[in-house]
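User: Hi! Could you walk me through this one with me?
Analyst: Happy to, let me put it up first.

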Amino acid sequence: AAALMRQYFTEGYYPSGTKTVTDVRKPLGMELKATLMNGTSFIPLTPGFVTGWGRVWLDNNLFFTGEASSRDLRNFALTKENGVATGETHTYQVQVGAGQEFRATLAWFDPPAGLATGVSLVNNLNLEVQEGANTYLGNVITGTGAAAVSTVGGTADVLNNVEQVRFTAPVA
């Protein structure tokens with residue numbers, strides 16, 4: 001699945017769904033990881049320790065011209081040159097149609113922590129999604145399977161290098 005997704009980007013199908021020479025690019029590894037996880041199909045008992053985020057389903061994120069798409073994939077890839085420094089934030093404003101599922105997934109590669117440290121992350125990034133007056137933190141999710149949704153409250157995830165916020169029917 002990752003190889004097919006990489007081919008989709010390297011042949012220039014993103015973002016239009018049509019093979020375009022000006023859109024040819026090499027995607028970052030963490031971008032592929034986030035996109036794969038962002039398009040998973042939930043299966044019973046996910047997300048969880050046994051089945052993770054669900055089954056990879058490329059059709060949830062990648063589309064081709066002429067296909068009806070219920071999702072609008074937008075990738076915001078940060079590189080070493082335009083990444084985040086300590087204490088810095090990057091903000092993106094996204095408009096979502098009424099009743100259209102929304103997922104935001106943040107993934108990054110992290111160097112191994114020192115052997116004597118109790119914390120596994122060297123770089124702790126945090127995903128926050130603001131909807132109106134509510135702030136949702138990455139991986140603060142209740143429910144399982146298709147009913148798994150982000151909830152207000154909780155604490156920022158300090159253990160994982162992938163964070164996701166999911167709404168099944170957000171306000172437009």
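User: Let's start with the helices. What is the handedness of the crossing of H1 and H2?
Analyst: H1 and H2 cross in a right-handed way. Keep in mind that this is a predicted model.

User: Good to know. At what angle do they pack, and how far apart are the axes?
Analyst: The angle between H1 and H2 is about 115 degrees, and their axes lie 10 Å apart. Angles of 65 to 115 degrees count as roughly perpendicular, so H1 is roughly perpendicular to H2.

User: And which residues make that contact?
Analyst: From H1 you have Ala2, Met5, Arg6 and Phe9. On the H2 side, the contact is made by Glu31, Leu32, Thr35 and Leu36.

User: Which residues of H1 are buried?
Analyst: Met5, Tyr8 and Phe9 are the buried residues of H1, a helix that covers residues 2-10. Looking down the axis of H1, they fall within an arc of 95 degrees, so they line one face of the helix.

User: Why would positions spaced like that end up on one side?
Analyst: An α-helix has 3.6 residues a turn, so residues three or four places apart point the same way.

User: Nice. What do the buried residues of H1 pack against?
Analyst: They pack against H2. On the other side of H1, Ala3 and Leu4 are exposed.

User: What happens to the backbone just after H1?
Analyst: Gly12 sits there, with a positive phi of about 85 degrees.

User: Switching to charges now. How many salt bridges are there in the whole structure?
Analyst: A search of the whole structure turns up four. One of them links Lys19 to Glu11, with the closest N and O atoms 3.9 Å apart.

User: OK, what does Glu101 pair with?
Analyst: Glu101 forms a salt bridge with Arg103, where the closest N and O atoms are 2.6 Å apart. The side chain of Glu101 also meets that of Arg166 in a salt bridge, at 2.7 Å from N to O. Glu101 is in the loop between helix H2 (29-38) and strand S1 (102-107), while Arg166 belongs to strand S5 (residues 162-167), so this pair ties together parts that are 65 residues apart in sequence.

User: Last topic: where is Gly52?
Analyst: Gly52 is in the loop between H2 and S1. Gly52 is partly exposed, with a relative accessible area of 28%.

User: And how far is Gly52 from Glu131, in sequence and in space?
Analyst: Gly52 and Glu131 are 79 residues apart in sequence, and their C-alpha atoms are 26 Å apart in space.

Definitions and conventions
Residues are numbered from 1 along each chain as its sequence is written. This is a predicted model: local features need pLDDT of at least 70, side-chain atom pairs count only at pLDDT 80 or more; totals for chains, interfaces and linings use all residues. Side-chain values use heavy atoms; hydrogens and water are left out. Helices (H or I, at least four residues) and strands (E, at least two) are DSSP runs, numbered from the N terminus. Buried means under 20% relative accessible area, exposed over 50%, partly exposed in between (1.4 Å probe, protein chains only). The arc is that of the directions from the helix axis to the C-beta atoms. Contact means heavy atoms within 4.5 Å. Axes are lines fitted to C-alpha atoms, for helices over the stretch in contact, and angles run from 0 to 180 degrees between N-to-C directions. Angles under 35 degrees count as roughly parallel, over 145 as roughly antiparallel, 65 to 115 as roughly perpendicular and the rest as oblique. A crossing is left-handed if the near helix is turned anticlockwise from the far one by less than a right angle, and right-handed if clockwise.
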